[in-house]
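Welcome, and please open your viewer before reading on.

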Amino acid sequence: MKKIQNLTKKVKSYNSKLDEELINNAYEFAKTYHGKQSRASGEAFIEHPLEVAFILAELEMDEATIVAALLHDILEDTDASLKQLERTFSPEIASMIDGVTKLSHIKFKTQKEHQAENLRKMFLAMARDLRVVLIKLADRLHNMRTVKYLSEDKRKRIAKETREIYAPLAHRLGIFQLKWQLEDLAFETLENKKYDQISKMVDQKRAERERYIKDAIRLINKEIKKQKVKAEINGRVKHFYSIYQKIAKKDKDFNEIYDLLAIRILVEDKKDCYAVLGALHNIYKPVPGRFKDFIAVPKANMYQSLHTTVVGEEGNIIEIQIRSREMHRVAEYGVAAHWTYKEGLRGKKKQEQLAWITQVLQQNEASDSAEFLEGLKSDLLEKEVFVFTPKGDVKSFPVGATPIDFAYSIHTEVGHALIGAKANQKIVPFEYKLQTGDMVDILTSKSSSGPSKDWINLAKTSKARSRIRQFFSKEVKEDSVYVGKEELLKVLRKYKITFVISKHTKLLDEVSAKMNFKKTQDLFASIGQGKTSAKQVATKIVNELSRAEEREVTEDADVKTTTKRKAPSKTGVAVKGIDEVLIRLARCCNPVPRDDIAGFVTRGRGVSVHRKDCENVASLERQTPDRMIDVFWDLGKSVNFQVELQVEALDRVKLLKDISITISDSGVNIISANVSTTKDGFAIFRFLVEIGNIAHLDNIIRNVRKVEAVFDAHRI
């Protein structure tokens, strides 16, 4: 448990002029007002703002930010007022606290609307004072460190929001120290089994990789000394979520990822960075296409560094970063590195960050909550390309951006007047994807009729899409209705469904009402205007059609009790009170001894035996309770049972073979196997096995879980 004395000591280590009395007063104020409040973990609530203040002290933030961190929950969780904070501390500190405070007193229709408006308010506060978001990020980091004490639903919701919004926001502001912690904590919460598996794999390879990196550092250091450059060389550990992304998104086997431990070289200035780069390429062969110069062209979050990937000894790949110490400080702390206790974020760097924040607000000023959230996620998550204006200024865009995005980034009217574009002095089509280093020139005409509707699909940035949608929202509603119908039918066709709107008016009316639209026409118009996702509506329609089909099948399956008596069953199950009847084990749940079972009388096929927790049993009991019959296990002789197993694993070579051998060696027969792989590099196996002794089941699952790369195995 951290103490206030430790906090003041930490802040004084970088700010000798600290007003200790101010820090202590803030702590006592927070402690008094939070009183006996406690967190889900059971600890006193005051520990939370104290931990948040410590996180910000590690970023060497000014004393006003530290004070605001200690008080950041006061307005939301106590009866203290904003005016009281202004009088007791200062308007500056009170404004930061107000910016962090959630919209807890306003009623919202949905959780997504609440989330979007909270974020919109935070961005408004950020536009006035960027320190607001630093407090919010520190607050979220400590909440993620203690998220295990919450209910599962709440854990998942908070972790998902952290991964989609707060970690990318930390990246956008260049605060790597917070970004990687937020990503790893969210990864551990959302996909715990994958997190544990990667952790185990990293530990298994750690000694081998550390030995290799140590040898590489020794060789590099020897070469750099010849250049008479002072350098600090360190091995750099890849974080678990970063490793997961390489496996999932780049379709790589774990053993193909050579840069789990990479190298970082810190030097005194920019000149030394390039000198070291030359020395490296003198001893190692660089990998073509893997060199990036973020010093000459910095990232939008102010990040600067040289990145090169080389082929080392034994043919292994080494990823190397070269930067000055000041560049490293910016890379670790981002915007916080320019907001020390001495001075706030000023000049060009402040303008760059505020320009992005203002853009987020302006491009979504007319958006509803869902569109704002979608646009924000798009801006935060996309990787960047860097292009030049004819004057030589650098502009950053998400990967896949087009000349349309470039035009709207200059001004809305420039976008509306766009008639053509050049990249590197050559005319390019509107669908051309901008590449890093392109010199882009926009051609306009005053007689232009405005944007085309196709531009919405070609544009990548939320600003461009938002401006194009606003242009067309001024047109007649009938046009939007037509577009909405077409988009919806297009998505439905992807589901392999032939859908005639005139034949499903009742269903569409029901879906529209559930989505809070008065008429189906309003729903179509909303889709056409880009306010409602066609995919979301299509999913609801497919679900309704599926339910209707299930009801028809269930009605057809209603049968009368069979009058014929069949030969005794060989399934190990008997029916109470009946000696001769056909019995079969239901394939939907494959019951085995030790399972609680229930019987259902079918049409001409005797009694179907299900597990009591089978979804079909619940449905049958509701609709045809008179067809249910008592059954029990009667294992007088040896009987074989079929069991379906599901195995989940990180995909790798020979994985199916290893799992199959493990199952077969357990003394059971594999009847069938089904394998599917996901886009994120994982494999799901389904095995139907036949076992004679139910005790084998736990044994099989236990053995399969020991196979390398498997992170779960269970009975379906």
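We begin with the whole chain and then visit a few places one by one.

**Before you start**

This is a predicted model, in which local features need pLDDT of at least 70 and side-chain atom pairs count only at pLDDT 80 or more, while totals for chains, interfaces and linings use all residues. Residues are numbered from 1 along each chain as its sequence is written, and side-chain values use heavy atoms, with hydrogens and water left out.

**Stop 1: the whole chain**

Show the protein chain as a cartoon: it has 28 helices and 21 strands. Helices (H or I, at least four residues) and strands (E, at least two) are DSSP runs, numbered from the N terminus. Buried residues make up 50% of the 716 residues. Here buried means under 20% relative accessible area, exposed means over 50%, and partly exposed is in between (1.4 Å probe, protein chains only).

Accessible areas come from the Shrake-Rupley method with a 1.4 Å probe, and for residues only the protein chains shown count as cover.

How do contacts reach along the sequence? Among contacts between residues at least 6 apart in sequence, 67% join residues at least 24 apart. A contact means heavy atoms within 4.5 Å.

**Stop 2: helix α4**

Select residues 63-70, which form helix α4. Why is this helix largely enclosed by the rest of the structure? Seven of its eight residues are buried, so the rest of the structure largely encloses α4. Colour the buried ones: A64, T65, I66, V67, A68, A69 and L70.

**Stop 3: a network of salt bridges**

Next, show the side chains of D62, E92 and R131, which are linked in a network of salt bridges. A salt bridge is a side-chain nitrogen of Lys or Arg within 4 Å of a carboxyl oxygen of Asp or Glu. By this rule the count comes to 20 salt bridges.

Start with D62 and R131, whose side chains meet at 2.7 Å, N to O. This pair links distant parts of the chain: D62 is in the loop between α3 and α4, R131 is in helix α9, and they are 69 residues apart. Then turn to R131 and E92, where the closest N and O atoms are 2.6 Å apart. Here too distant parts of the chain are linked, with R131 in helix α9 and E92 in helix α7, 39 residues apart. R131 counts as buried because its relative accessibility is 5%. E92 is partly exposed, with a relative accessible area of 39%.

**Stop 4**

Move to helix α12 (residues 192-226) and select K226 and E223, which lie three residues apart, about one turn of the helix. An α-helix has 3.6 residues a turn, so residues three or four places apart point the same way. K226 forms a salt bridge with E223, and the closest N and O atoms are 3.4 Å apart.

**Stop 5: helix α18**

Select residues 403-410 for helix α18, where six of the eight residues are buried, so the rest of the structure largely encloses this helix. The buried residues are P403, I404, D405, F406, A407 and Y408.

**Stop 6: a positive patch**

Return to the surface and select K490, R493, K494, K535 and K679, which gather in a patch of positive charge. Patch residues have over 30% relative accessible area and no salt bridge, and like charges are joined within 9 Å. Which helix gives the most to this patch? Helix α22 (residues 477-494) does, with three residues. K535 sits in helix α25 (residues 534-556) and is exposed, with a relative accessible area of 56%.

**Stop 7: strand β15**

Finish at R611 in strand β15 (residues 607-611). R611 counts as buried, at 16% relative accessibility. Leaving aside neighbours within four places in sequence, R611 is in contact with C589, P591, D595, D596, I597, V617, R715 and I716.

Definitions and conventions. Patches are made of residues with over 30% relative accessible area and no salt bridge: like charges are joined within 9 Å, nonpolar side chains (Val, Leu, Ile, Met, Phe, Trp, Tyr) within 5 Å. Lys and Arg count as positive and Asp and Glu as negative; His and the chain ends are not counted. The place of a charge is taken as NZ of Lys, CZ of Arg, CG of Asp or CD of Glu.
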